[in-house]
Amino acid sequence: MSYSKKNVLRGLHFQSKNSQAQIITVTHGKILDVAVDLRRKSRTFGKYVSLIISYMDDFSFYIPKNFAHGFICLSKDCTINYKCSDYRNSNYEKTLNWNDPDINIKWPTTKPILSSKDRDLGLSLKDLVKEKII
């Protein structure tokens, strides 16, 4: 479960090993949810899909393994529940830069509120490939 306030951006997170599929459900508030394809042999590698999800929707977002995931809170606050196919392992948790120009995600703000992890530890898609993280 994750709780955030307006304009807090979380992500783009993924597991470099023991990748997780996830089901995302918003139980309070509204978010812009984003998934980036990190499957190197996929024809959609480096592309993203985004959608707005609210607690009012009767909808959950399925994110397959080997995708990075992130979201930004659009309402005053929001709560997101995750169901994952495997346990989180902090040794393999990585962050893709939320504002990587090669991915060019259309976020609703250019100045989101970021944790130090998301601000300082993010790598570009090119770096992930170059360093053989993905």
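**Reading a pocket and the fold around it**

Q: How many residues line the largest pocket, and which lie nearest its centre?
A: The idea comes from a 1 Å grid over the protein atoms alone. A pocket is an open set of points where a 1.4 Å probe fits, with protein on both sides within 12 Å along at least five of seven lines. Lining residues have an atom within 4 Å of a point. Here 25 residues line the largest pocket, and His13, Gln22, Tyr82, Arg88 and Glu93 lie nearest its centre. This is a predicted model, where local features need pLDDT of at least 70 and side-chain atom pairs pLDDT 80 or more, while totals for chains, interfaces and linings use all residues. Numbering starts from 1 along each chain as its sequence is written, and side-chain values use heavy atoms, without hydrogens or water.

Q: What is the volume of the largest pocket?
A: Grid points are joined across faces, edges and corners, and the volume is the space filled by probe spheres set on them. For the largest pocket it is about 460 Å³.

Q: Which element gives the most to the lining of the largest pocket?
A: Strands (E, at least two residues) and helices (H or I, at least four) are DSSP runs, numbered from the N terminus. Strand 2 gives the most, with five residues. Strand 2 (9–15), strand 7 (67–73), strand 8 and helix 1 (116–120) each supply at least two.

Q: How do the residues of the lining divide?
A: Ala, Val, Leu, Ile, Met, Phe, Trp, Tyr, Cys and Pro count as nonpolar; Asp, Glu, Lys and Arg are charged; the others, Gly among them, are polar. The lining of the largest pocket has eight nonpolar, 11 polar and six charged residues.

Q: Which side chains of strand 1 are buried?
A: Buried means under 20% relative accessible area, exposed over 50%, partly exposed in between (1.4 Å probe, protein chains only). In strand 1 (residues 2–5), Ser2 and Ser4 point to one face and are buried.

Q: How many bridges join strand 1 to strand 8?
A: Two strands pair if DSSP finds at least two bridges between them. Four bridges join strand 1 to strand 8 (residues 77–84), and the two run antiparallel. Tyr3 has Thr79 as its bridge partner in strand 8.

Q: Why does Leu38 count as buried, and what does Leu38 touch?
A: Leu38 has 6% relative accessibility, so it counts as buried. Leu38 sits in the loop between strand 4 (30–37) and strand 5 (48–54). Contact means heavy atoms within 4.5 Å. Setting aside residues up to four places away in sequence, Leu38 touches several residues, including Phe14, Phe45 and Ile134.
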